[in-house]
Amino acid sequence: MIAMKQEDLLAAEKQVLAPAVRIQYFDIAIASGQGAILTDLEGNKYFDLLASASSTNTGHSHPHVVDAICQQAHKIIQYTPAYFANQPAALLAQRLVKMAPISGPLRVAWGNSGSDANDAIIKYARAYTKRQYIVSFTGAYHGSTYGSISISSVSLNMSRKIGPLLPGIVKVPYPDLSQKPADETLADFIERQWHAFKLPFETYLPAEEVAAIIMEPIQGDGGIVKAPTEYLRRVRQFATENQILFAVDEVNQGFGRTGKWWSIQHFDVEPDLMTVGKSIASGLPLSAVIGRAPIMDSLQAPANTYTTAGNPVTTAAANATLDVIEQEHLVEHSQKLGLKAEKFFQEQQKKYAFIGDVRFYGLNGGIDIVNPQTQAPDAIATTKLIYRLFELGVLIISLRGYTLRFQPPLVITEGQLQEVFTKFEQAFDQLASGQLQLPPNADQIGW
């Protein structure tokens, strides 16, 4: 491969890359990574606070994962699991069934991404219940295939110009506590949100025609927002009472991201179906649906069959990924360092009026940046901050325009975290003193 300067590579790529495939933030090309550190083509190093969209919880190029990939690649890279079994996939399926927070006999179905896994939820739910409607939530990101994009609701560009989307989809408001008025009690907020959830079922949506409710217990791209426990339990109970399947999307928030193996474990609730992806194979293209056996047995091949899904290399990487999370106690590490990060940002919140709501669930945080006078979301200040942090060697992006997305690889060390905090202190101080400027392409930044 011919070495290119970063600027030349980006210019050449721009001539051939379709604009719909990349969300614009920083003009860099990633050359390598190790643990929680990334290096670009110019040799600049960055603390990674994005973890490749939460797909590299075990960090970049973890030796155990790399070794597993290489060993398997020397044996066979691909032979389609659509026709024949392979040992890494067979082992992984057994491990996932044991780990899943669902009781009873379970089954696993492979996919290549979180998107097609969430498509599969729709297929299995409709097949099992013989009902058509799927209920999802505003603020959700479930993927970009036609089914998953139809149940998503986080960006107008996920529906603009490409309709009609999948029929039979009904969306209800996600109970975003960061939007709760200060003078409203939690109980009143839950009641208000519950009324909004019930309204479709009371006016135009027959519950007996709903196949599934799919939900992110903690929304990722929607702002790192956790549903109130009582609310989610009501949703689960409503689904049970009406023979509706309750499905959870763990693609972004699974595999230790929230300080537990699965985000649904924060609620003491069992789903009927769940989707996993992203970090399942440390970023290699693999996903899965895990669900109760009667549901998963409702479809026959090739209704959810893919040529490369569950192939030997990706499932070998996934087995190694699970080894790393277990042996290095990354779930506990996420919980411990998440509390430290939460404490740091809460302390900064007391110093700077532009820091609004701070939400942390493990190494998984959303920090809202607001106007100090009105407390309204401040996308301009947020963009200034993420660009100054980039200049200081920290990669962090924004969600919904004004939320800092704090999701480092779970292998980040306490020492590295302290270095990151120091850089945040510098950026916050410079924003407060009016020293930060917008980048030239600020109007093209983010979702």
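What follows is a chat about a predicted model, covering helix packing, a pocket and a few backbone details.

Visitor: Let's start with helices. At what angle do H12 and H13 pack?
Guide: Keep in mind that this is a predicted model. Helix H12, residues 379–391, and helix H13, residues 414–432, pack at about 135 degrees, and their axes are 10 Å apart.

Visitor: And what does that make H12 relative to H13?
Guide: Oblique: that angle makes H12 oblique to H13. The crossing of H12 past H13 is right-handed.

Visitor: Which residues make the contact?
Guide: On H12 you have Ala381, Lys384, Leu385, Arg388 and Leu389. H13 brings Lys423, Phe424, Gln426, Ala427, Phe428, Gln430 and Leu431.

Visitor: How many of those in the H12 and H13 contact are nonpolar, polar or charged?
Guide: Seven are nonpolar, two are polar and three are charged.

Visitor: OK, now H11 and H13. How do their axes cross?
Guide: Helix H11 covers residues 330–351, and its axis comes within 11 Å of the H13 axis, with a crossing of roughly 15 degrees. That makes H11 roughly parallel to H13. H11 also passes H13 in a right-handed crossing.

Visitor: What meets what there, H11 to H13?
Guide: From H11, look for Lys336, Leu337, Lys340, Ala341, Phe344, Phe345 and Gln348. They meet Glu414, Leu417, Phe421, Phe424, Glu425 and Phe428 in H13. Sorted by class, this contact has eight nonpolar residues, one polar and four charged. Phe424 and Phe428 of H13 are also part of the contact with H12.

Visitor: Switching to H7 and H8: how far apart are the axes, and at what angle do they cross?
Guide: The axes of helix H7 (residues 186–203) and helix H8 (residues 229–241) come within 10 Å and cross at roughly 25 degrees. H7 is therefore roughly parallel to H8. The handedness of H7 passing H8 is right-handed.

Visitor: Who's in the H7 and H8 contact?
Guide: H7 contributes Ile190, Glu191, Gln193, Trp194, Phe197, Lys198 and Phe201, while H8 contributes Glu230, Tyr231, Arg234, Val235 and Phe238. That contact divides into seven nonpolar residues, one polar and four charged.

Visitor: New topic, the second largest pocket. How much space lies in it?
Guide: About 540 Å³.

Visitor: How many residues line the second largest pocket, and which lie nearest its centre?
Guide: The lining has 24 residues, and those nearest the centre are Val108, Ala109, Trp110, Tyr124 and Asn304. Helix H4 (87–99) and strand S4 (106–111) are the elements that give two or more residues to this lining.

Visitor: What's the class breakdown of the lining?
Guide: The second largest pocket is lined by 18 nonpolar, four polar and two charged residues.

Visitor: One more: what's phi of Lys130 near?
Guide: Phi of Lys130 is near 60 degrees, which is a positive value in a residue other than glycine. Lys130 belongs to the loop between helix H5 (114–129) and strand S5 (133–137).

Terms used:
Residues numbered from 1 in each chain as written. Predicted model: local features only at pLDDT ≥ 70, side-chain atom pairs only at ≥ 80, totals over all residues. Heavy atoms only, no water. 1 Å grid on protein atoms, 1.4 Å probe; cavity = no way out; pocket = protein on both sides within 12 Å on 5 of 7 lines; lining within 4 Å. Points joined across faces, edges and corners; volume = space filled by probe spheres on them. Helix = DSSP H or I, 4+ residues; strand = E, 2+ residues; numbered from the N terminus. Nonpolar A, V, L, I, M, F, W, Y, C, P; charged D, E, K, R; others polar. Axes fitted to C-alpha atoms, helices over the stretch in contact; angles between N-to-C directions. Parallel < 35°, antiparallel > 145°, perpendicular 65-115°, else oblique. Left-handed = near helix turned anticlockwise from the far one by under 90°. Contact = heavy atoms within 4.5 Å.
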